[in-house]
Amino acid sequence: MIPKKEHILSHDPRVQKEALEAIYDYCFPKIVSYIGNRKEGHLEAGDILQDAVAVVYQNIRSDTFEGKSSINTYTLSICKKLWLYRHRSESRVQISDINDEMMVGEEKEAIVRLDLLKKVTDRLSTDCQDLLKSFYFRKSSMDEIAKKHKLGSVQAAKNKKWRCLKVLMTIVKSFKLDRDDFYL
Amino acid sequence: MNENKDFFVERASLFEKYHEGKMADYEKTAFEKHLSKDAEFRSDYKDYVDSRTLVESLGLSGMMKEVIEDKQEKPTKHFPLALKIISIAAVMLMGLFFLWPQSPDNEALFEKHFTTYPNLYSSRVNSQEENLNRALNFYQSGDYIMAIQEFESIDNPNDTISLYLGVSELAIGNYNQAKERLGPIKNQFLEEPRLWYIGLACLKANQPDSVLYYLNDLKGSKKYGEGAKDILTR
């Protein structure tokens, strides 16, 4: 499969998973080669790819990704930028021979999105993250969420969903206020 | 407090309905007109959309993690037959364990009983205590993360502020931090709420012995007695 943005945005988890597998097959060996083929390199490549996929999704949703390159090469560019950002203080950072599909502005945006992701995962409780993902990503019903999260009733699940969403929105708003370069 | 929570729920429900394309044409027209005229409404809607996109992207990232784990799974070894039988027996025993009656549904109990401590300062704050004013405004409107930031910026916080900090931490699910904030409170006037909220934090942390320790003394309390008894009898 050649992953396209419709696959990434699909509501069918099988389609999404197939697209992610294709992205993995294309990107992962190249990232490992770029980082250095050591055990730590494999682990880091996995982390980078997970972060990159989240950034790609947000860029597709916000129409930042215009589709001029393929999803595979775009994801790979983001992986490279995120890895460089992680290791920006290290002298061993080298210039890559991977084709650079990203413009300078997009590079900055990817880093800003990553910062926001990290802020959310640091400040929002795991409970809330799981519940919101169940509702908005996996499209679980309130009944399923109440059972999975042991909330006793659909109303308790709804109350918790709103409370978690409010906390998340506060984090997002506060992040935007703190950064004058935020332009999602 | 409830009014602010209801306002948020009402607004967020509207955003959700519009975002998911579930509005009738006339509703959609009215919503879009409001969006075009009201900057604050527009900003809130943008925050909602960004928050949702963020959650969805986290979901996709989690799915990629599963793909990576599947792709890199080590080949299984061939266990000797005896080990296989022992493993199956262990799994069956664990299954039997889970069939026995379980401990109380702590998450549901917490959701049933948790409400925030009321703002006692509202009419008494000195106009010069800006940090406290801001913190209490955030607390009252349910912005607990901002409330925590503002409360933390207050020099020499008293026990009442520690209580608000503990309750705020509990409201956003940080039960360990909540216990740390509430533990050192010495003010006798705040003893009952201190015990109550630490008890709830221990409930959330699935620490039944600690829940009993903190809530047992509240059974006779006018304000917290019913709740304490309800939790302790489950």
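Between chain A and chain B the count is 10 salt bridges, a salt bridge being a side-chain nitrogen of Lys or Arg within 4 Å of a carboxyl oxygen of Asp or Glu. One of these joins A:Lys176 to B:Asp50, with the closest N and O atoms 2.6 Å apart. The model is a predicted one, in which local features need pLDDT of at least 70 and side-chain atom pairs count only at pLDDT 80 or more, whereas totals for chains, interfaces and linings use all residues. Residues are numbered from 1 along each chain as its sequence is written, chains are lettered from A in the order in which they are written, and side-chain values use heavy atoms, with hydrogens and water left out.

The side of chain A that touches chain B receives two or more residues from each of α2 (13-35), α3 (39-61), α5 (104-123), α6 (126-137) and α8 (154-178) of chain A, where helices are DSSP runs (H or I, at least four residues) numbered from the N terminus. The largest share of this side, 17 residues, comes from α8(A). By class, the side comprises 27 nonpolar, 12 polar and 16 charged residues. In total, 55 residues of chain A are in contact with 47 residues of chain B, contact meaning heavy atoms within 4.5 Å. The area buried between the two chains, that is, the accessible area (1.4 Å probe) lost on putting them together and summed over both, is about 4800 Å², of which carbon and sulfur atoms give 67%.

Over all chains, the count comes to 21 aromatic pairs; rings of Phe, Tyr and Trp (its six-membered ring) pair if their centres lie within 6.5 Å, and planes under 30 degrees apart count as stacked, over 60 as edge-to-face and the rest as tilted. The rings of B:Tyr18 and B:Phe31, with centres 4.2 Å apart and planes at 20°, are therefore stacked. Because B:Tyr18 lies in helix α1 (residues 2-19) of chain B and B:Phe31 in helix α2 (residues 25-37) of chain B, this pair ties together parts that are 13 residues apart in sequence.

B:Tyr45 belongs to helix α3 (residues 39-71) of chain B, so that the pair links parts of the chain 14 residues apart, and both residues are buried. Elsewhere, ring pairs link B:Phe110, B:Phe114, B:Tyr117, B:Tyr139, B:Phe151, B:Tyr164 and B:Tyr197 into a cluster.

Definitions and conventions. Ala, Val, Leu, Ile, Met, Phe, Trp, Tyr, Cys and Pro count as nonpolar, Asp, Glu, Lys and Arg as charged, and the others, Gly among them, as polar. Buried means under 20% relative accessible area, exposed over 50%, partly exposed in between (1.4 Å probe, protein chains only).
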